[in-house]
Amino acid sequence: MLDITAIGEIVIDFTPAGFSEVGNTLYERHPGGGPANMLVAAAKNQMTGALLTKVGKDPFGTYLAGVLKKNGLESCGLRYSQNKPTITAWVDLDENKERSFFSIQTDMSLTDYSVEDIDYSLIDECGILHIAGSMMCWEKPMDAVKKAFAYAKKNHKLTSCDMNWRPVLSDREYAVREMAPFVPQFDILKLSDEEFELCTGTTDLETGSRMLLDGGVKFLAVTMGARGCYYRYANGGALVTAYEIQAVDSNGAGDAFTGYLLAGLWKQLKEGKEIGEIPPEEIGEIVDRANAAGALCTTKSGSLMAIPDADEVERFRNAHR
């Protein structure tokens, strides 16, 4: 039995790692990808997980398959593209260590992910089906995630989504037209503040969050970087302040947040509660713990390998109380 199955990318992030003797930027290979990072964060909270994804039949793909196994994640849902390479992303960090992505690939393995690649047994086994927004940026993967989503709903699985919109993958017009109508159908929805406006047409957190809950979302989290996280569910909403920290690399912080959030909610659900029955004080603790995990992730370079352990997160929270 699996706690969570995710559909989405595992990638190679080439991250700035200092300078050469002549002053050129050096880039280091790091494993990453939003849903892969999230699953590692969940696994550090004793959740069992699997990733449905597609990589190239190349050295990067082989390496990433090993990363999944090393982190205790089920890899039988991984598929290999015979003619398209593993996704690589180049990461740029600004003076505040906020990351942006760019790509030099014109084709990549994940664009080939199709309905035929879905391992439905991994959905049958899971409690939560998590879908990454990156899968909604291309026609074949979008068809696959809609099929998987419908199957999960039919079989009474909890569903979650991190929209994780990337302009490098799809423009805003596409996101508004294709992604925004789909993501509010999930039980648990994590958005950035930019994605929140894209989905609701407003920057007003209370107004927009009520719109999403009225549409069927059971738990909403809106991450806002240094401003913290706003959440809303049936028992109300609140802003949970962020932790002040000296960031090194923000890549993966949102994924660490999502993994810790889902782990906290799942623990309550396994005790027999519905999401709307979780006490507000417990929800506040869950979101604060997720905030701490996201903050700690920024203190190390890379994304997947920077995900903090649960004990590390608790020590950090205790030191900042």
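1. Threonine 159 lies in strand β9, residues 158-162; helices (H or I, at least four residues) and strands (E, at least two) are DSSP runs numbered from the N terminus. The model is predicted: local features need pLDDT of at least 70 and side-chain atom pairs count only at pLDDT 80 or more, while totals for chains, interfaces and linings use all residues. Residues are numbered from 1 along each chain as its sequence is written, and side-chain values use heavy atoms, with hydrogens and water left out.

2. Threonine 159 counts as buried because its relative accessibility is 0% (buried is under 20% relative accessible area, exposed over 50%, partly exposed in between; 1.4 Å probe, protein chains only). Leaving aside neighbours within four places in sequence, threonine 159 is in contact (heavy atoms within 4.5 Å) with Leu129, Phe149, Ala152, Lys153, Gln185, Phe186, Asp187 and Ile188.

3. Helix α8 comprises 18 residues, 253-270, and should span 26 Å at 1.5 Å a residue; its end C-alpha atoms are 26 Å apart, which agrees. The expected span is 1.5 Å times one less than the number of residues. Of the 18 residues of α8, 15 are buried. Glycine 272, which follows α8, has a positive phi, near 100°.

4. Helix α1 (residues 34-43) packs against α8 at an angle of about 45°, the axes being 7 Å apart. Axes are lines fitted to C-alpha atoms, for helices over the stretch in contact, and angles run from 0 to 180 degrees between N-to-C directions. The two helices, α1 and α8, are therefore oblique to each other (under 35 degrees is roughly parallel, over 145 roughly antiparallel, 65 to 115 roughly perpendicular, the rest oblique). The contact involves Gly34, Asn37, Met38, Ala41 and Ala42 of α1, and Asp255, Ala256, Thr258, Gly259, Tyr260 and Leu262 of α8.

5. Aspartate 309 is placed in the loop between α9 (280-297) and α10 (310-319). With 39% relative accessibility, aspartate 309 counts as partly exposed. Not counting residues up to four places away in sequence, aspartate 309 touches Lys44 and Tyr260. Aspartate 309 and proline 280 are 29 residues apart in sequence and 25 Å apart in space, C-alpha to C-alpha.

6. The axes of α9 and α10 come within 9 Å and cross at roughly 100°; α9 and α10 are therefore roughly perpendicular to each other. Their contact is formed by Glu285, Asp288, Arg289, Ala292, Ala293, Ala295 and Leu296 of α9, together with Glu312, Val313, Glu314, Phe316 and Arg317 of α10.
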